[in-house]
Amino acid sequence: MRIFSGIQPTGQKHLGNYIGAIVQYVASQERGEGIFCIVDLHAITVPFDPAELRERGYDTAAILLAAGLDPERCTLFRQSDVPEHTELTWLLSSVTELGRLQRMHQFRDKSFGQRELVSAALLLYPVLQAADVLAYRASEVPVGEDQREHLELMRDAARRFNARFGDGDEVLVVPEHRIPQVGARIMDLQDPTRKMSTTGGSPQGTVFVLDEPAAIGKKLRGAVTDSGSEVCRAPEKPGVSNLIEILAAVRGVEPAAVEAEFASAGYGEFKAAVAGAVVDYLAPVRERYLQLRADETALEAILEDGARRAHEMAHATMLDVRKRMGLGAPRRDRALR
Ligand code: AMP
Ligand code: TRP
């Protein structure tokens, strides 16, 4: 079974990304053939700096490897190294309804907040995301809760393509999303009604994977809690509920087990326990990151090898897609370009 996910190139990965997505990538290596893509083509849909973009790609690769992705067992690559992603984006755009793209939440949010150019690429962002997965005929996509809408569009794109060009065959696989049971939506520690995020969140409320242990401890001990004193999940207790979710995810237990353990504890004691657990959880990742990030040549070699394998897989899909759509010379491109 093929498992595919994509992640934006930034060194600012936070605890939400880590628990909601990265941990699932690492776990998925046990279940199937993992394909993980650093989506630099998605990053150019908003203003960016070219030199930075390349550096942040290495940061992201090093974080993923430090978290436990094993290049011997999975394929880790940079999106822009595999031209099939952009080609399939164009082909899928022909079966994608314009109005649907205009109504996507992310497009509305990002274009609303955008003072500079609102690019056509921002509108096509979800089509590129669909192409990412469909080019590999992957059947599972591990992501956080915020990707639900993008996954629905991707599934529809595959279904529409098959209905229009498949002649009864499942040319493109309709993928399933895999959203974690615990930790699919980690909230900002200072404003627990908003999700933890690199762009929209508060600096004190966002724990970065690469934060120093002292900073992580401080942010968690300073997390806002709610009125009352009981450590339990409730709609009117978003702060405490979020911390319960974090501790449960970090320990790999059910939130109810955390509630039971801290039933007679105060908020201060509970927050100290969460802080300690998260520090212990992220400190080794940061240490491995620092080692890996120091060797850019080695990172580049891993990404290039990944791109070669990814290109082979995507090429095979595209031969079929082009043929079904009546594109290209009938028998031309059998060999890998
Ligand atoms: P990005 O860094 O935007 O590419 O996101 C990488 C992954 O992290 C995606 O699968 C998101 O769904 C996931 N993610 C982002 N923010 C959160 C959050 N606050 N809680 C859980 N998962 C998240
Ligand atoms: N849009 C995703 C995010 O912001 C990143 C992404 C790009 C992705 N392509 C993908 C996720 C393919 C899953 C599958 O997090």
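Predicted model: local features only at pLDDT ≥ 70, side-chain atom pairs only at ≥ 80, totals over all residues.
Before I show anything, one definition: a residue is called buried here when its relative accessible area is under 20%, and exposed when that area is over 50%, with partly exposed in between.

Let me start with the residue for which the definition is needed, Ile-179, which sits in the loop between β5, residues 176-178, and α9, residues 213-221. Is Ile-179 buried or exposed? Its relative accessibility is 19%, and because the limit for buried is under 20%, Ile-179 counts as buried. If we leave aside the neighbours within four places in sequence, the residues in contact with Ile-179 are Val-143, Gly-144, Glu-145, Arg-148 and Ala-184. Pro-238, by comparison, is 59 residues away from Ile-179 along the chain, and the C-alpha atoms of the two are separated by 20 Å.

Now to the protein as a whole, whose secondary structure comes to 13 helices and five strands. The C-alpha trace, taken along its principal axes, spans about 70 × 45 × 40 Å. Of the 337 residues, 53% are buried, and among contacts with a separation of 6 or more, 74% are made by residues 24 or more positions apart.

The domain assignment divides the protein into domain 1, made up of 2-183 and 295-325, and domain 2, which covers 203-292. Between the C-alpha centres of these two domains there is a distance of 30 Å, and at their contact 18 residues of domain 1 meet 19 residues of domain 2.

Finally, I would like to turn to helix α4, residues 84-93, and ask which of its residues are buried. They are Glu-84, His-85, Leu-88, Thr-89, Leu-91 and Leu-92. And what covers these buried residues of α4? The cover includes the strands β1 (2-7), β2 (33-38) and β3 (75-78), together with the helices α7 (120-134), α8 (148-165) and α13 (296-325).

Technical notes. Residues numbered from 1 in each chain as written. Chains lettered and ligands numbered in written order. Heavy atoms only, no water. Helix = DSSP H or I, 4+ residues; strand = E, 2+ residues; numbered from the N terminus. Buried < 20%, exposed > 50% of the residue type's maximum accessible area, 1.4 Å probe, protein only. Contact = heavy atoms within 4.5 Å. Domains from an automatic or database assignment.
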